[in-house]
Amino acid sequence: NTVTFFSKKARQAEDKARTEGEGGVPSSPSMQSSERAGTEKTSHLVCAHGFGAGVGLYARTMAAAVAHHGVGSVTAFDWLGFGFSSRPSFLRGSFDRADREKSESAFVSSLEAWRERMGINRMTLCGHSLGGLLCAVYAEKYPFRVRRLILASCIGLPEKPSAEESRRKGNPFASLPCYVRAVVGCIRFCWDYLNWTPLSYLRLSGPFGPSA
């Protein structure tokens, strides 16, 4: 068996097949994945990448996990908005708990829908960086679907500092030159109000960026 990476054309074809009406809007987001299967599917390892990555993060480890670590099969998937998965429009959020939980729920629900589509009953879930955070949230919500949870260099989101705490700590950018503060302010404005993430700048940086 070999690892198969889905192409952009495959994603577009699937999205087209899932559209409804004349508007051409996908009826539900689709997630793409690649799989390495062993001779016996005694266990299933599912790998989730972090921010700014994709299934390629696990390209060199999938075959080794099957060949040398007794894993029945290994599957890596692209989160929504990354790689060759669909790019649905997310509502702009903030650092507040309610918006964080809405964002987490959107990703976790997509992972559960993907699991059902793949026919996986229970799995060992491995998440790196941001993927580790989302996998931990998934395991809390669906503990009966997770055999083991592996957190690889996982991140976490702290509580938003109170106004009093922010005043006590002061502005960390106050000592920086004015032009640096201006650049930081523009980046934060674009992220908070225009929904421009670092990946948006990457896609604008070259002729192949929009199709990345």
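# Close-up views of a predicted model

**Figure 1. Nonpolar surface patch.** In this predicted model, Val183, Ile187, Phe189, Tyr193, Leu194, Trp196, Tyr201 and Leu204 make a nonpolar surface patch of about 810 Å². Two helices, H6 (178-193) and H7 (198-204), each supply at least two residues of this patch. The most is given by H6, with four residues. Leu194, also one of the patch residues, is found in the loop between H6 and H7. The relative accessibility of Leu194 is 37%, so this residue counts as partly exposed.

**Figure 2. Overall arrangement of the chain.** The chain contains seven helices and seven strands. Read from the N terminus on, its elements run α-β-β-β-β-α-β-α-β-α-β-α-α-α. The chain has 212 residues, of which 31% count as buried.

**Figure 3. Salt bridges in the region of helix H3.** Two salt bridges are found in a search of the whole structure. In one, the side chains of Glu112 and Arg115 meet at 2.8 Å, N to O. Glu112 and Arg115 lie three residues apart in helix H3 (residues 97-118), and therefore about one helical turn separates them. Glu112 has a relative accessible area of 8% and is buried. Arg115 is buried too, with a relative accessible area of 5%. A salt bridge also joins the side chains of Arg115 and Glu116, at 3.9 Å, N to O. Glu116, in contrast, is exposed, with a relative accessible area of 53%. Through shared partners, the salt bridges join Glu112, Arg115 and Glu116 into one network.

Figure 4. Six aromatic pairs are present in the structure. In the pair of Phe77 and Trp79, the ring centres are 4.8 Å apart and the planes stand at 80 degrees, so the pair is edge-to-face. Phe77 is buried, its relative accessible area being 0%. Trp79 likewise counts as buried, at 2% relative accessibility. Another edge-to-face aromatic pair is formed by Tyr142 and Phe144, with 6.3 Å centre to centre and 80 degrees between the planes. Tyr142 counts as buried, at 15% relative accessibility. Phe77 and Trp79 also belong to a cluster, linked by ring pairs, that includes Phe107 and Trp114.

**Figure 5. Helix H4 and its buried residues.** Helix H4 covers residues 130-141, and its end C-alpha atoms are 17 Å apart. At 1.5 Å a residue, the twelve residues of H4 should span 16 Å, which agrees with that separation. The buried residues of H4 are Gly131, Gly132, Leu133, Leu134, Cys135, Val137, Tyr138 and Ala139.

**Figure 6. Cysteines without disulfides.** A search of the whole structure finds zero disulfides. Cys47 is in no disulfide, and the nearest cysteine sulfur, that of Cys126, lies 4.9 Å away. The cut-off for a disulfide is a pair of cysteine sulfur atoms within 2.5 Å. Cys47 counts as buried, at 4% relative accessibility. For Cys154, the closest cysteine sulfur is in Cys135; the two sulfurs are 8.4 Å apart, too far for a bond. Cys135 is one of the buried residues of H4, whereas Cys154 is partly exposed, with a relative accessible area of 35%.

**Figure 7. Gly127 and Cys154.** Gly127 has its place in strand S6 (residues 123-128). Gly127 counts as buried, at 0% relative accessibility. Along the chain, Gly127 and Cys154 are 27 residues apart, while their C-alpha atoms are separated by 7.3 Å. Cys154 is partly exposed, at a relative accessible area of 35%.

Conventions: Residues are numbered from 1 along each chain as its sequence is written. This is a predicted model: local features need pLDDT of at least 70, side-chain atom pairs count only at pLDDT 80 or more; totals for chains, interfaces and linings use all residues. Side-chain values use heavy atoms; hydrogens and water are left out. Buried means under 20% relative accessible area, exposed over 50%, partly exposed in between (1.4 Å probe, protein chains only). Rings of Phe, Tyr and Trp (its six-membered ring) pair if their centres lie within 6.5 Å; planes under 30 degrees apart count as stacked, over 60 as edge-to-face and the rest as tilted. The expected span of a helix is 1.5 Å times one less than its number of residues. Patches are made of residues with over 30% relative accessible area and no salt bridge: like charges are joined within 9 Å, nonpolar side chains (Val, Leu, Ile, Met, Phe, Trp, Tyr) within 5 Å. Accessible areas come from the Shrake-Rupley method with a 1.4 Å probe; for residues, only the protein chains shown count as cover. A salt bridge is a side-chain nitrogen of Lys or Arg within 4 Å of a carboxyl oxygen of Asp or Glu.
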